[in-house]
Amino acid sequence: MSLHTATLIHRDDGTPYSPEFDDVYHSADGGLTQARAVFLAGNALPQRWAGQGRFCVLETGFGIGINFLATWQAWREDPARCGRLHYFSVEKHPLTLVDLAACHARLPEVAALAAELRAQWPLPLPGWHRLHFDEGRVVLTLLFADVVKALADIDAQFDAFYLDGFAPARNPQMWDLEVFRHCARLAAPGATLASYTTARAVRDGLAAAHFHNERMPGYGRKRHRLVAEFRPPSWRPAAAVPTAAEPDAPVLVIGAGLAGAAIAENLTLRGHPVTVLEATAVPPAGASAVPAALFHPHLSPDDAILSRLVRNGLLFALRRWQALEQRDGHLPVSRSGVAWPAADAAEALSMRQTVERLQFPAEYLSFLERDELRARCGLPVANGGCWFGSSGWLDPRILVRAQLATPGISTRCGVRVERLEHDGKAWQAIDAAGRLLAAAPLVVLANSHDAVRLAPGLCQLRLIRGQLSPIRCEQPPLLHGAIAGRTVLFGLEKGLAAGSTFDENDLQPESRTADRARNLAGLLTLWPEAPLQNPADVSGDFVGFRAATRDHLPLIGALPDITAVRAHGLQWRGRHAAELPRQPGLFGAFAYGSRGLVWASLAAEIIGCRIDGDPLPLEHGLVAAVDPARFIVRNLGQGIVP
Ligand SMILES: Cc1cc2nc3c(=O)[nH]c(=O)nc-3n(C[C@H](O)[C@H](O)[C@H](O)COP(=O)(O)OP(=O)(O)OC[C@H]3O[C@@H](n4cnc5c(N)ncnc54)[C@H](O)[C@@H]3O)c2cc1C
Ligand SMILES: C[S@@+](CC[C@H](N)C(=O)[O-])C[C@H]1O[C@@H](n2cnc3c(N)ncnc32)[C@H](O)[C@@H]1O
């Protein structure tokens with residue numbers, strides 16, 4: 001589950017060397033020279049991407065990132081470069097930031113690019129990490145996992161492969177037949193492949209996977225290098241070949257909360273004209289109007305799907321917020337840490353065991369004994385617990401407004417979409433009076449609970465009322481981070497906010513004294529001497545409604561065509577959700593439950609990739625876990641047709 005970072009030594013000539021694999025990261029002739037001579041030239045780059053909308057590279061072994069930097073540099077310098085460059089790279093032992101910087105210091109030619117890479121370099125946490133550069137036109141997806149597992153989790157098509165493990169004799173896993181088979185599965189028509197090694201076993205293995213290969217004259221001290229072309233007897237696409245919309249196709253986004261704002265931002269940056277239709281007069285108005293919201297990891301001893309998804313969503317969101325802040329200049333994100341104190345000694349023990357088992361970097365997750373946790377969070381908590389160092393909180397209202405201010409987004413407020421109709425070419429959004437509000441070939445439902453009314457038959461959503469209570473304090477406590485768990489606590493400018501209640505089947509929109517009392521009782525369990533000033537005044541309390549599914553995961557993706565499923569009824573039984581027919585141009589991202597901040601950016605990227613036909617930012621198992629068709633498939637399994 002955990003990753004161990006690479007051990008790296010610099011040889012006398014400066015070449016980075018791995019004692020674990022007893023091999024160098026690149027030849028002594030220089031990493032950039034090798035990258036250009038072997039991997040770029042071996043895949044006929046930059047010529048092959050000229051004029052293309054998108055070009056996708058898959059590398060085995062990210063190492064120092066020299067091949068990536070050389071490719072990115074070539075892309076930048078090429079006036080005929082492709083519209084978007086996707087670079088996937090697998091790495092089991094990521095370098096520490098310190099080692100990365102030491103290696104990059106020897107690459108003055110690409111110093112600026114290397115600095116940008118390091119600025120986003122992820123923590124060594126297992127899973128996929130997507131980084132955007134050059135306004136999202138260069139997309140690096142780092143797959144921190146063992147090579148075969150990582151490749152098996154990809155569902156995309158690649159135009160070029162860089163095979164760059166350590167020498168086959170020292171690193172056989174990277175040259176396993178399974179690796180070549182996966183490359184074949186993931187190869188786009190006309191795909192090419194390059195490597196520095198011409199070892200017989202590699203050539204034979206590639207040939208068996210239909211990569212017609214030949215040795216080419218080498219570079220520097222190397223006599224040969226390998227180039228290959230994918231020539232299968234017949235070509236069958238990998239599971240899902242996405243159909244991309246026109247790059248400038250207009251999109252309607254329904255709902256201007258955390259979900260809709262992130263989607264509008266993502267799609268606008270991709271070049272789509274976006275119109276947001278929002279029922280209320282001043283967004284955000286739904287659950288996203290909560291004045292403060294936490295973001296932090298989810299923990300499970302076996303690093304379950306929810307934990308992996310939350311990790312991906314959280315780390316992705318942090319990078320997107322950073323980019324937004326660089327553009328917008330004002331997005332206060334508090335990353336001062338989040339404490340999750342255990343309720344009792346038994347829970348503290350179980351937390352400690354989980355943390356020890358996962359072995360994640362302390363910056364992301366650690367277990368602290370009571371006194372240390374007290375010192376970290378600034379409250380006299382009764383037990384030890386988890387400390388999420390890189391987590392924190394923000395004001396979702398500021399985030400939503402900043403995202404909606406992205407140039408190119410048109411937000412129309414005070415318009416409620418009553419129904420959607422497709423006229424054969426475009427979706428029409430119609431109001432309660434039967435008036436056409438707007439039309440577009442692409443629509444994204446980001447309207448929380450109301451989405452299942454506009455697209456019926458998907459599943460039933462739970463509606464969970466929540467009340468958050470601000471509390472004035474004469475001398476607000478020095479709360480270093482926020483507190484999560486049974487009671488959530490934030491330090492605000494003029495006091496604290498405590499919450500939040502969690503009540504299903506309770507539709508009362510007004511705040512209640514009894515609920516405020518529950519929030520205050522929670523606060524007092526964390527801080528018995530809290531100097532409460534306005535215990536019964538509910539005038540500042542916030543009430544909102546979370547929409548959630550039964551499996552606690554959101555619905556994100558293309559929406560299934562219920563009519564088509566119904567027409568063939570139980571014939572769809574036993575199929576995977578991905579196989580179900582979809583409605584043309586209709587997408588959804590909703591049911592974020594209590595994790596709007598964690599899901600919103602990731603969901604926006606999934607929707608953006610689905611619309612543009614780009615490789616998704618997630619392992620296909622995780623994509624399936626949020627597929628909006630999953631409940632239909634589960635019901636079909638029980639003989640229930642939607
Ligand atoms: C008390 C409370 C505390 C919370 N704390 C946290 C927290 O700490 N961390 C966290 O990550 N999350 C938290 N959440 C959850 C988070 O607020 C939600 O997950 C998130 O706001 C959902 O965003 P959304 O855009 O899907 O929905 P919403 O914010 O509800 O937005 C949906 C929007 O769609 C509009 N709309 C609906 N129907 C239509 C229609 N037919 N036509 C046009 N517009 C329409 C609505 O007016 C609304 O503006 C909390 C929620 C509550 C209630
Ligand atoms: C030769 S280096 C790659 C150099 C890199 N391409 C660059 O441009 O800097 C080989 C890389 O493969 C990684 N690796 C080795 N075994 C692996 C495995 N089983 N799965 C994934 N990565 C592995 C190593 O950690 C190392 O970073």
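A polar contact is a pair of N or O atoms within 3.5 Å; within protein, one atom must be able to donate a hydrogen and the other to accept it, and residues adjacent in sequence count only if both atoms are side-chain atoms. With that term in hand, let us turn to the structure.

This is a predicted model, in which local features need pLDDT of at least 70 and side-chain atom pairs count only at pLDDT 80 or more, while totals for chains, interfaces and linings use all residues. Residues are numbered from 1 along each chain as its sequence is written, chains are lettered from A and ligands numbered from 1 in the order in which they are written, and side-chain values use heavy atoms, with hydrogens and water left out.

I begin with ligand 2. A residue is called near a molecule if one of its heavy atoms lies within 4 Å of it. There are 23 residues around ligand 2, and Gly 61, Asn 67, Glu 91, Asp 146 and Asp 164 come nearest. A backbone N or O atom of Asn 67 lies 2.9 Å from an oxygen atom of the ligand. For Gly 61, a backbone N or O atom is 2.6 Å from a nitrogen atom of ligand 2.

Next, ligand 1. Of the 35 residues around it, Glu 278, Ser 288, Leu 294, Asp 450 and Gly 593 come nearest. Leu 294 has a backbone N or O atom 2.7 Å from an oxygen atom of ligand 1, and for Leu 597 the corresponding value is 2.9 Å. On its own, ligand 1 has 1,000 Å² of accessible area, of which the protein covers 92%.

Finally, the domains. An automatic or database assignment divides the chain into domain 1 (9–230), domain 2 (251–286 + 398–460 + 550–637) and domain 3 (334–392 + 462–546). The C-alpha centres of domains 2 and 3 lie 31 Å apart. How many residues of domain 2 are in contact with domain 3? Seven, and they meet six residues of domain 3, where contact means heavy atoms within 4.5 Å. Between these two domains the count is one salt bridge, that is, a side-chain nitrogen of Lys or Arg within 4 Å of a carboxyl oxygen of Asp or Glu. The side chains of Glu 504 and Arg 550 meet in a salt bridge, at 3.7 Å from N to O.

Note on methods
Accessible areas come from the Shrake-Rupley method with a 1.4 Å probe; for residues, only the protein chains shown count as cover.
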